[in-house]
Amino acid sequence: AGGPEEEAEDGKALATAAETRALLGRLREVHGGGKAHEVALQRFRGIMNKYEEQPHLLDPHLGKNKSYKIFLRLFPHEVADMEPVLDLVANQNPKDHETWETRYILLLWLSVTCLIPFDFSRLDGNLVTQPGQTRMSIMDRILQIAESYLVVGDKARDGAAVLVSRFITRPDVKHSKMAGFLDWSLCSLARSSFQNVEGVITMNGMLQALVSTAHRGHGDSRDLLFAAATVLSCLDGCRLPESNQTLLRKLGVKLVQRLGLTFLKPKVAAWRYQRGCRSLAANLQLLTQGQSEQKQKPPLLTSDDDEDDDVPEGVESVIEQLLAGLKDKDTVVRWSAAKGIGRMAGRLPRALADDVVGSVLECFSFQETDKAWHGGCLALAELGRRGLLLPSRLADVVPVILKALTYDEKRGACSVGTNVRDAACYVCWAFARAYEPQELKPFVTTISSALLITTVFDRDVNCRRAASAAFQENVGRQGTFPHGIDILTTADYFAVGNRCNCFLVISVFIAGFPEYTQPMIDHLVAMKINHWDRVIRELAAKALHNLTQQAPVYCATRVFPTLLSMTLSSDLHTRHGSILACAEVAYALHRLAAQESRFVSEVTTCFKMNGWQWLINDTLRSLHLISSHSRQQIKDTAVSALAALCSEYYVKESGEADPAIQEALITQYLAELRNPEEMTRCGFSLALGALPRFLLKGRLQQVLTGLRAVTHTSPEDVSFAESRRDGLKAIAGICQTVGVKAGAPDEAVCRENVSQIYSALLGCMDDYTKDSRGDVGSWVRKAAMTSLMDLTLLLARSQPELIEAHICERIMCCVAQQASEKIDGFRAHAASVFLTLLHFDSPPIPHVPHRGELEKLFPRSSVASVNWSAASQAFPRITQLLGLPTYRYHVLLGLVVSVGGLTESTIRHSTQSLFEYMRGIQSDPQALGSFGGTLLQIFEDNLLKDRTGLTFLIEKVCVPGLECSSSSHPFAVKLLALCKKEIKNSKDIHKLLSGISVFCGMVQFPGSVRKSALLQLCLLLGHRFPPIRKTTASQVYEMVLTYGDVVSADVLDEVVAVLSDTAWNAELAVVREPRNRLCDLLGVPRPQLVPKPGAC
């Protein structure tokens, strides 16, 4: 008796059954629609959905998720039901797509009534109703309905195919109607094309009907034998293998195999291999009882011993088409072809069936695609399952199945072969059920190892689980797999679902059994280290690390040399995986060296120069071949590996370097600094910077000279910003490595070489190189700032007297300039370096200009919370440095770059901060004059340099802020002269527009400055660019109205009229006359045309 819970479940099931019957009983009431219909339908679906996972529970009642065969027998099928059902079907509208369920069910019901054991003619009665009128017979009505529904586009077509198969194979129908139906269906096939929708629908219906008919008639009667050749000929004409419709190709393959079976007598081949009892429970029972398993007796229906029966000609064509179907692009077609191969081979003589096996094995050629391999595996599984693959063939079959278990072909960014490996597992599963243990005994070792390798090392979870299931089946049915039960308890269905767990945990457990250790290691080296998926390569390397402890001698003497040779491969995946694996195996051997140190020393010593050193050098030399997103990581890893290699193997017991190695290494690396490939220079620069101190001793000056050459900008390598950046990093790294030592310029930083180092670093602070990537010079400047900071802090800690005053001043000024420029992240880094140098107190940096004022402007307590990347917070603080004479030039130069930038927030906040500063010094003529002088000096030093926004700065800030200057002030005169030089012959629209604003602003100064400014504006009114002329006229119009003393009152109206009425964007010859008139009115000389050089 069950417990309370079981009784509750039973009660709930009974209640659900009762509710379902009640819903079915109310069908007539709710059929009309409305709310009651919707509620009943929703409740019925809710009940049925509970059985989706186990629909067989509904078989005794009604199958929702099952084939029509389950509930077909539940239809009433008495003689009295024939005509009512036929009338119901005849009254349906085939074009009403909303009622296809009704038509489908009625056609299935009609197909059941067609099985009544009475001749249809006995149901017709008197067909003559009136003189001259005759009713259609039931046989004709059914055939007409079936043919009409075979060409519809909904599910009713499938019901019509079932109806045809049951109707046309009746004894009273096939003699009179089958030939005509076949003729109609074949003609319909011949007229249809799979290139259009209507043709696909028609061909689908015809093929379904023919397949169903052939399926019901391929027994003893072989109803379609008389037309099999004709149907096959028609199928050849349809060219179904060329269709892109999967269902059509599948139906074609099914029809071909059914027709092929009609050529052969239905028999069970006496030559087939027959295992004894195939029931696992019976096997276990026999073993418990101590009985030997008896061979199963052959079935009664067998073939004669005479194997010389003639095989019809059509059989060969059928088998050829089925073999071609094994290579189809869709799985369902290949699966149908595989089953057809198995069925056909079961009726062939032994010799011919063996030829079929040989043809299937040809699918496993290296020239074939993954589709052929998959189809071949399915066919072998079918042949083995049916006993048609004799044990004598296992020696040929097992090797190809082992290859299929590891089949993986890279295609683009992914690979194909998952289905092949899954099907190969199915073959192994089928073999376990098909053969006696003694037949598979010679192959147990290889099959078990291959299945376990797939179980733990396959990339796809489906294949790992399929291999686990096949291994379990072999353990249970064969009983010969080594350590099968122990392994299955660990590598079960759920455990192999996690890939990392398989590679790193389960594999270690399985490798603990000696039979599997070496095959697993060999598989990782041969198949997974060079895998296309980076994750698999990394997992394989880690798995090798774990498995090394199981076979340390084998890994040290065989695996490690193999992996090292693989690092020379031209394939990038192989090189990457083998490098990772070498590292993991070497590390595993190192860990074992606590007890067995011999392994590591013997292996690594012989390869330390010729192997590891070559690998590092080749990697650094090939950086330009590596994708940009992973280049930096590979470069850093190679450099760190070089440092470790040198520290471990290139030092003598005395702590000195081997002179030969030192000479060879440094000479080679310095030579590579002149390589035409930029990335090669980068790699070897960083490599020199990572060398240990003992290798640099005595060669420091030589190395620093080579690196200084890399950081120098020359015309041929001006775009090599990355190599200059890495050269700076290398110089800073070397300084940190060798330290500071007096009087030893070839061993450490000292007074003799520190000025040269500072010169190289400070020279890169002016690198403003630009290319398609943008301001690449910022990479160099950032590295230079960092290197300057590191070197200065190093000297301050050990020998601060080496930091000279002019050097410290230049460092602080250059960094302050970078802190006032336009790139947010770059500005933040510069501010960090500046404040680090200012606030360093262990001991303080000597000779910092204006240290006291700086500490008041940037107190430690407040600057820590400042976000220097934000222009709103950075520029108000940076502009305070303009009050310190030492920093004014460099900070103002940086602000010039920011004011002329592109980012709206940077322009706004830099301009506003600068204007606020100028407003604060308006009352101080000395400060204002000093500021103006500095500005003019910057303008003169950077004349015609597009990087600076000087004209924009003067337009927006300086001209409005210097209103107090007199006409004879040197600032106004010099500023006007510099602006004239800046825009002369310029084609930069933005620069010209800023120049117009500057000249209009300078008109406010009377005297010679005003006259020169008006002359420049008149020249711009005749500029070759129409937008410049138009903008100049507009701004001059505003200027004469703003400054009333520029134009006398008697000519003001005419000046305004000329400026406003002239079409300044017209042809240049047209606008010259009004321009000249304006010159006369403004009192400036008319511009004269200058003849071009060489003109007659």
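Visitor: Why is Arg-724 called buried?
Guide: Buried means under 20% relative accessible area, exposed means over 50%, and partly exposed lies in between, with a 1.4 Å probe and protein chains only. Arg-724 has a relative accessible area of 1%, so Arg-724 is buried.
Visitor: What kind of model is this?
Guide: This is a predicted model, where local features need pLDDT of at least 70, side-chain atom pairs count only at pLDDT 80 or more, and totals for chains, interfaces and linings use all residues. Residues are numbered from 1 along each chain as its sequence is written, and side-chain values use heavy atoms, with hydrogens and water left out.
Visitor: What makes Arg-724 and Asp-767 a salt bridge?
Guide: A salt bridge needs a side-chain nitrogen of Lys or Arg within 4 Å of a carboxyl oxygen of Asp or Glu. Here the closest N and O atoms are 2.7 Å apart.
Visitor: Is Asp-767 buried or exposed?
Guide: Asp-767 has a relative accessible area of 6%, so Asp-767 is buried.
Visitor: How do you know that Asp-330 and Arg-249 form a salt bridge?
Guide: Their closest N and O atoms are 2.2 Å apart. That is within the 4 Å of the definition, so the label holds. The pair links distant parts of the chain, 81 residues apart. Asp-330 is in the loop between helix 15 (313–325) and helix 16 (331–345), and Arg-249 is in helix 13 (residues 246–263).
Visitor: Why is Asp-330 called partly exposed, and why is Arg-249 called buried?
Guide: Asp-330 has 21% relative accessibility, so Asp-330 counts as partly exposed. Arg-249 has 4%, so Arg-249 counts as buried.
Visitor: What makes Lys-974 and Glu-940 a salt bridge?
Guide: Their side chains meet at 3.1 Å, N to O. Lys-974 is in helix 48 (residues 970–983) and Glu-940 in helix 46 (residues 925–941), 34 residues apart. Lys-974 has 33% relative accessibility, so Lys-974 counts as partly exposed. Glu-940 has 40%, so Glu-940 also counts as partly exposed.
Visitor: Which residues do salt bridges that share partners join into one network?
Guide: They are Lys-635, Glu-722, Arg-725, Asp-726, Asp-771 and Arg-773.
Visitor: How many salt bridges does a search of the whole structure find?
Guide: The search finds 47.
Visitor: Why is Glu-982 called buried?
Guide: Glu-982 is in helix 48. Its relative accessibility is 5%, so Glu-982 counts as buried.
Visitor: How do you know that Glu-982 makes a polar contact with Lys-991?
Guide: A polar contact is a pair of N or O atoms within 3.5 Å; within protein, one must be able to donate a hydrogen and the other to accept it, and residues adjacent in sequence count only if both atoms are side-chain atoms. The side chains of Glu-982 and Lys-991 make such a contact at 2.9 Å.
Visitor: How many helices and strands does the protein have?
Guide: The protein has 53 helices and 4 strands. Buried residues make up 50% of its 1096 residues.

Notes: Helices (H or I, at least four residues) and strands (E, at least two) are DSSP runs, numbered from the N terminus.
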